[in-house]
Amino acid sequence: MTRKILMLGAAALAMAPMAAWADGHLARGGSGHLNIIYWQAPSTLNPYLSGGTKEVESASLVLESLARFDDTGTMVPWLAADIPTVENGGVSEDLTQITWTLQEGILWSDGTPMTAADAVFTWEYCTHPEGGCAQASYFDGVESIVAVDDLTIEINFVNPTPFPYTALVGSESPIIQAAQFADCLGARAPECTEANFGPIGTGPFVVTDFRPNDVIEFAANDNYRVPDQPHFATVTFKGGGDATAAARSVLETGEFDYAWNLQIDPTILAQMEAQGNGTVVTAFGTSVERLHMNQLNPDPALGDIRSTAEAGPHPFLTNPVITQAMSMAIDRALLVEVGYGAGGQPTCNVLPAPELYASSANDGCLVQDIAGAIALLDEAGIVDSDGDGIREYEGTPLRVLYQTSTNAVRQDTQALVKQWWAEIGIDAELRNIDASVFFGGDPASPDTFQKFYADVEMYTNNFAGVDPQAYMANWACDEIPSPATQWQGSNIQRFCDPAYDALIDEMAGTADLATRGELAMAMNDMLVQSGSIIPLIHRGGVSAHANSLGGIRMSDWDSELWNIAEWHRIPE
Amino acid sequence: MLTYTIRRLILAVPTLLFISFIIFIIVKLSPSDPTAGLPLTIPPEVREQIRESLGVNDPLLIQYLKWLKLMVWDEPLHAIDGWFGTTWAPDGPRIISYQTRAPVFEWVGERMPQTLWVVGTSYIVGVVIALPLGIISAYKQYSIFDQLGTFISMLGFSVPTFFTGVLFIVIFSVWIDQDSIFWLPSVYDTTLEVVDWDTFVLQFRQMIMPVMVLGLFNAAQISRYMRASMLDNLNQDYVRTARAKGLGERTVVLVHVLRNSMIPVVTVIALNVPAVFGGAIITEQVFKVNGIGQLLIVAIQAGDVPVVQTVSFIFAVLIVLFNLIADILYGVLDPRIRYD
């Protein structure tokens, strides 16, 4: 075994100079040093213990999965030799089993071979009841994972699973080394600091130094399977500061080559880019900033039962005419210009991507139409009967409490929307709540987005990967948060329609991709046309890279750094 | 003096216990959640499991007592083991951060060097600038030098570090060309180890901006105290007597006046030393120094109770300790003060 590695090493050494002759920058390590800045710094390199984007993306340099999603959202085989489908026999006819085959000769960075047993171990590690695994949902519905032989992994599902590419696919569900984490199962996970801070992986880089929430140093993995990759020899992955400072360090001072998540004032970002040192890049996934219109009554007078089924339907937001008028009054293009710049596009769909699933039935909302909104309300007899400038519906004045998390862009959006709604005779009271409370999910706090003690709330949600089945199932009737479920549940706007639930069931039993696309679009249209959701902006990731950095194909479907092995320095 | 010190140390124990309990209760009662920062794609059941594995759901008193036991017994033993290579520490659990799932003290230890280097140096720089500035300003009251010193210290005192920091970056990192010797890095490299002259130069250069920003602020504060204290003493009768005896002006000012003026200033300097260990949250963020200040602010944002609590408790210990040191120094500087 050792001899084989030595020979491989010798072969790699022999090949390295040849590649260098061809083009020094494209040899392994030929591009020198790469500086990346993530202003929110990773606190661990074990994505199963954190779940934050920063941890998942930094770990993606080291840990890899069977397949990844490229910049177009297409699944590409990564550690696997190919993508199993029903056609090629990799997925069973009854959709309860998928069989992956690993590429031959994949080595961990410590030189030992990766086998199917590592995949099985990863599943055991993450599904251990005491582990608190942050990515446990990737293994939902998995009955067992079996190592048929060293290279064959068989995943069995409890129910027919039309989209079986969840477990061990994508940057959030990578394969970890069984040998390294064997003693770290369950409650013992935190004891393995060394493993959590320096996982052994199959990826292009190995960790040489890890300082939580500060900096990570990587070096090229000598055992990486592509002979001339990674092109960079070493990587510094620095954290800290804020988004503006990170943008400045790439676009103005040139100290860093790549900066992540630059959600800053678009005019400032454009000014920095104009200096000519770097380029702003964006990638769009499924993130949509939206308004949720509470379908249940949040009247404070109802006390503890507000925003639950017992409170009864909302006095006016269940009327699609009113919500449609509210949607028409919004100038989404202006919201993008003010708050998002390159990082946003107006959208009328809650499911704007992948293309296969994107409906075009609601595109009328892209253009603001205040006159149309006024006419719509007037026609429906929803008028201002007492002369205070606010319309009434069945005697209830159209006053809404509109809440969101504290964030400069969101407060700008709130102010603009409030003004447009005032123009059509709807009054909005604005409120913002600290993000850690709003998204904190503490059942004792009245201010969480799940409790929704307001009429309208705004935030962004998305789904990981490319399959919307689980995401669309968020709006099933039984997903409505209530005291009985400790306010857990994903149907935040309390939308309930048996016809929608029927579509969810239908999708769960359909494997054909085109039909799934039609179902997803139908569900999207049903949600949007019910008025319970007003989509505003399709949000993308915004990053910046130095002009001397080549090979970047930013993806919002996977880690932004998914193809870092191909990144290289462009010779001057 | 010894009995006094011992009495004060014994009294510190209930004080610190009380402080630690208050910190714990405040942090726990605040509506923050360690899973709040996670992407919304992570479902609530999984969040609940994470909370369960972190022990967030244990009864409050149990959580506090567990932490207290680790803090005052296990962790000091681990520290002793680390320093002297002994193996006294029990194998059991340690204070674990929610964010990293790793021992908090190792994290604190890792952050200490850059904080001490940057904030400590800036404190020394501040004191070194402030003392002569204050002395000369007071001796030559209302001179041009005094007016200028007052102007600069008012500026340093009232302009916040997040402004001066970014201003320095724009001037020295953006406007000045990278090849120039006046160019300074805007991002502090915490992995840099000083092993030879070149790395020393790099370290020196990356420290200039954060140290100057903080040093200006510290100097402004201390020089005002020094000046005021000198002015109080310069008009005293004993100064006139010293001059009447025919002592040189240098002896009068630097021996008689200075020593008496130092008493309140030393207190101020000593009481501010714990702040050096506490880091400088804003300046550390601006220059990406990532020391103790940044550790604390990130932990607060992430709802990382063990880190917030441990770091705040360390501050509390340092503050109590340096209060005592200041009181003892009082007695050393002024023989009239005796505590026994």
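In chain A, three strands form an open sheet in the order S4-S6-S5, with antiparallel pairing. Strand S4 (97–101) and strand S5 (142–149) of chain A each have a single partner strand and stand at the edges, so one side of each is left without a neighbour in the sheet. From one strand to the next, the twist averages 20 degrees. The model is predicted: local features need pLDDT of at least 70 and side-chain atom pairs count only at pLDDT 80 or more, while totals for chains, interfaces and linings use all residues. Residues are numbered from 1 along each chain as its sequence is written, and chains are lettered from A and ligands numbered from 1 in the order in which they are written. Helices (H or I, at least four residues) and strands (E, at least two) are DSSP runs, numbered from the N terminus, and two strands pair if DSSP finds at least two bridges between them.

Six bridges join S5(A) to strand S6 (residues 152–157) of chain A in the antiparallel sense. Here A:Ile145 stands opposite A:Ile155 in S6(A). Across S5 and S6 of chain A lies helix H4 (residues 116–127) of chain A, running at about 165 degrees to S5(A) (axes are lines fitted to C-alpha atoms, for helices over the stretch in contact, with angles from 0 to 180 degrees between N-to-C directions).

Turning to the neighbouring chain, 45 residues of chain A are in contact with 44 residues of chain B (contact: C-beta atoms, placed from the backbone, within 7 Å). Helix H6 (193–197), strand S7 (205–211), strand S8 (215–220) and helix H13 (435–438) of chain A are the elements giving two or more residues to the side of chain A that touches chain B. The largest share of that side, three residues, comes from H6(A).

Notes
Contact = placed C-beta atoms within 7 Å.
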